[in-house]
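Subject: Structure handover

Hello,

Here is the structure you asked about. Please open it first, then read the notes below.

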Amino acid sequence: MGMMKEALMHPEDLYVLVKMKRAAAQVEKQIPPDPHWAFCYTMLQKVSRSFAFVIQQLGTDLRNAVCVFYLVLRALDTVEDDTSIPEDIKVPILESFHRHIYNPDWHFSCGTKDYKVLMDNFRNISTAFLELGKSYQEGIEDITERMGRGMAKFICKEVETVDDYDEYCHYVAGLVGLGLSKLFYASGSEDLAEDHLSNSMGLFLQKTNIIRDYLEDINEIPKSRMFWPRAIWSKYVDKLEDLKYKENSTQAVQCLNDMVTNALLHAQDCLKYLSDLKDLSNFRFCAIPQIMAIGTLALCYNNVEIFRGVVKMRRGVVARVMDQTRTMSDVYGAFFEFSSLLKSKIDNNDPNANLTRTRIEAIQNSCVKSGMLNKRGCHMYRSSPAYNSVYIILALLLVSILFAVLATK
């Protein structure tokens, strides 16, 4: 129903929406027969459908390693996120989590819904982990230990300064970037990337999520999760939760724009990291989330709806990103387009307008200097013209025909 509604609003997205829906259905059919691997890939689809899709870009051995890596860190994150766990229990679990992945008999019940299923059946993830090559195991263990200790540190410490913010994001996401680079290197498909580039890949995604998820985190029960640094939000309000109140809308949007401007610092490192990748499957796996991040930041910027509900890219744009990201020219094109959208929303009265514009122009200059903007074969974002009823009827007919054709293949 959601896809049909979107097709009515954006008929130009019809083909790619249907194509990606069929691709998602194919992913669901590619569940391995072994029970523990079946659990891993089934859970991957439940806790992150988008990641379950992009991981299919990878070769089998690397895909299995990345799947286990993701689920181990998702389990670790579930422990950190569960605000009902007392600190004296949570901290030791986080600090020792890297040892538990070697023990198929270990589990710890926490989280809700699919995450509780993940934790209650963690033995399946451990069993899969033990079947990986030694270099993969060592890489996953190292990152899990460092991340667990970092998370434990911030259980007892608030995010006060921008340095604290960068440190926290390093522990929960930058280390993911470092870990993936290690797995790529262990597979023999890539050279080992520089740590600061791998770190920026994680920070760009994490900061985007922290910005987008403000309302969900601040309304968390029984205790709010607060990741926006005090050094930024205290310039606008007395308490972080004050940003969600309508009477503070002007200050809230200015604070939001400050946060987005901070995140933009990592974009050029991401472009450099992606341009260094040699394997196409690794490239697509890494590039798709980064394009989603710059697109999400463009939507969030200057958008008070961040403090009222959910802000996310529409399905058609997501589908186009997933389907059409093939080369660095596509990446440069998408970053240029989304940064242009963000730039068009800058209010000259915003306290950080000049800094935001400077960072956007730096990203755009990197895209232009690549010499690849004119080589891209697609446009990730485009505004839609108005469509009359005749076009809408034709669109519905086309959806039906496409479903019928794809169903026979």
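**Findings**

The axes of helix H11 (residues 195-212) and helix H16 (residues 280-300) come within 10 Å and cross at roughly 35°. Axes here are lines fitted to C-alpha atoms, for helices over the stretch in contact, and angles run from 0 to 180 degrees between N-to-C directions. The crossing of H11 and H16 is left-handed; that is, the near helix is turned anticlockwise from the far one by less than a right angle. From H11, the contact uses Met201, Phe204, Leu205, Thr208, Ile211 and Arg212. From H16 it uses Cys286, Pro289, Gln290, Ala293, Ile294, Thr296, Leu297 and Cys300. Contact means heavy atoms within 4.5 Å.

Before going on, a word on the source. This is a predicted model, in which local features need pLDDT of at least 70 and side-chain atom pairs count only at pLDDT 80 or more, while totals for chains, interfaces and linings use all residues. Residues are numbered from 1 along each chain as its sequence is written, and side-chain values use heavy atoms, with hydrogens and water left out.

**Overall**

The protein has 20 helices and zero strands. Both are DSSP runs, numbered from the N terminus: helices are H or I with at least four residues, strands E with at least two. Of the 409 residues, 52% are buried (under 20% relative accessible area, 1.4 Å probe, protein chains only; exposed is over 50%, partly exposed in between). Among contacts with a separation of 6 or more, 74% join residues 24 or more positions apart.

The largest nonpolar core has 125 residues. Such a core is a set of buried Ala, Val, Leu, Ile, Met, Phe, Trp, Tyr and Cys residues joined through side-chain atoms within 4.5 Å. Leu71, Phe97, Trp228, Leu243, Leu274, Phe285 and Phe335 have the most contacts inside this core. H5 gives the most to it, with 13 residues.

H5 also packs against H8, at an angle of about 145° and with the axes 10 Å apart. Val68, Leu71, Val72 and Ala75 of H5 meet Phe122, Ile125, Ala128 and Phe129 of H8.

**H6**

Helix H6 covers residues 87-100. Its 14 residues should span 20 Å at 1.5 Å a residue, and the end C-alpha atoms are 19 Å apart, which agrees. The expected span is 1.5 Å times one less than the number of residues. H6 bends by about 40° at Leu94. The bend is the angle between axes fitted to the seven residues ending there and the seven starting there. The buried residues of H6 include Ile93, Leu94 and Phe97. They pack against helix H5 (60-81), helix H7 (113-120), helix H8 (122-130) and helix H9 (134-155). Phe97 touches residues including Val72, Ala75, Trp106 and Phe122.

**H3**

Helix H3 (residues 35-47) is mostly covered. In H3, 10 of 13 residues are buried, among them Trp37, Phe39 and Tyr41.

**Two single residues**

Where is Phe227? Phe227 sits in the loop between helix H12 (214-218) and helix H13 (230-233). Phe227 is buried, with a relative accessible area of 15%. Phe227 touches Val159, Tyr165, Tyr168, Ile210 and Asp217, not counting residues up to four places away in sequence.

Gln364 lies in helix H19 (residues 353-369). Gln364 is buried too, at 9% relative accessible area. Gln364 touches Phe336, Ser339, Ser340 and Lys343, again leaving out residues up to four places away in sequence.

Best wishes
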